[in-house]
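Good morning, and thank you for joining this group meeting. I would ask you to keep the sequence and the model in view while I speak.

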Amino acid sequence: MEGAGWGYGRRGSAILDRIVPADLGVADTAALLEWLDLVAEPRVERYWELLSLIDDRPPGPRAVPAFVWLANAIRAHR
């Protein structure tokens, strides 16, 4: 898992430490993971995309891949 890029190796751990404090408590980490699991649902993202189309607005940037990465990185390193 020490591959290049956005994996979960040393580079992934360093990136994670810049996003989520290393000293985040167990309860707060669990709450963050619960929230990430909720917002990392592709069907929810698609719902917001469809609402944007109905409202004749451009859809926002996709966030699910980043939320999935973050949740997986927390589980791998914390």
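Let me begin with a question: is Ser-52 buried or exposed? Ser-52 is buried, because its relative accessible area is 7%, where buried means under 20% relative accessible area, exposed over 50%, and partly exposed in between, with a 1.4 Å probe and protein chains only. Ser-52 sits in helix H3, residues 42-54. Once its neighbours within four places in sequence are set aside, Ser-52 touches Arg-57, Pro-58 and Pro-59, a contact being heavy atoms within 4.5 Å.

Residues are numbered from 1 along each chain as its sequence is written, and side-chain values use heavy atoms, with hydrogens and water left out.

As to confidence, the average pLDDT of the protein is 89, and 90% of the residues score at least 70; pLDDT is the predictor's confidence in each residue, from 0 to 100. Helix H2, residues 26-39, has the highest mean at 97, and helix H1, residues 10-19, the lowest at 88. Over residues 1-5, pLDDT stays under 50, and the model has five contacts beyond four places in sequence for that stretch. Where pLDDT is low, the predicted coordinates should not be read in detail.

I turn to the overall arrangement. The protein has four helices and zero strands, taken as DSSP runs numbered from the N terminus: helices are H or I with at least four residues, strands E with at least two. Of the 78 residues, 24% are buried. Among contacts with a separation of 6 or more, 69% join residues 24 or more positions apart.

How do the axes of H1 and H4 cross? They come within 10 Å and cross at roughly 105 degrees; the axes are lines fitted to C-alpha atoms, for helices over the stretch in contact, and angles run from 0 to 180 degrees between N-to-C directions. H1 and H4 are therefore roughly perpendicular to each other, since angles of 65 to 115 degrees count as such, under 35 as roughly parallel, over 145 as roughly antiparallel and the rest as oblique. On the H1 side, Gly-12, Ser-13, Ile-15, Leu-16 and Ile-19 take part, meeting Trp-69, Leu-70, Ala-73, Ile-74 and His-77 of H4. By class, this contact comprises seven nonpolar, three polar and no charged residues. Here Ala, Val, Leu, Ile, Met, Phe, Trp, Tyr, Cys and Pro count as nonpolar, Asp, Glu, Lys and Arg as charged, and the others, Gly among them, as polar.

Next, the aromatic residues. Two aromatic pairs are found in the whole structure; rings of Phe, Tyr and Trp (its six-membered ring) pair if their centres lie within 6.5 Å, with planes under 30 degrees apart counted as stacked, over 60 as edge-to-face and the rest as tilted. The ring centres of Trp-35 and Phe-67 are 5.5 Å apart and the planes stand at 75 degrees, so this pair is edge-to-face. Because Trp-35 belongs to helix H2 and Phe-67 to helix H4, residues 64-77, the pair ties together parts 32 residues apart in sequence. Tyr-47 and Trp-48 form an edge-to-face pair, at 5.3 Å centre to centre and 80 degrees between the planes. Tyr-47 is partly exposed at 46%, whereas Trp-48 is exposed at 53%.

Finally, Asp-56 lies in the loop between H3 and H4. Its phi is near 60 degrees, a positive value in a residue other than glycine.
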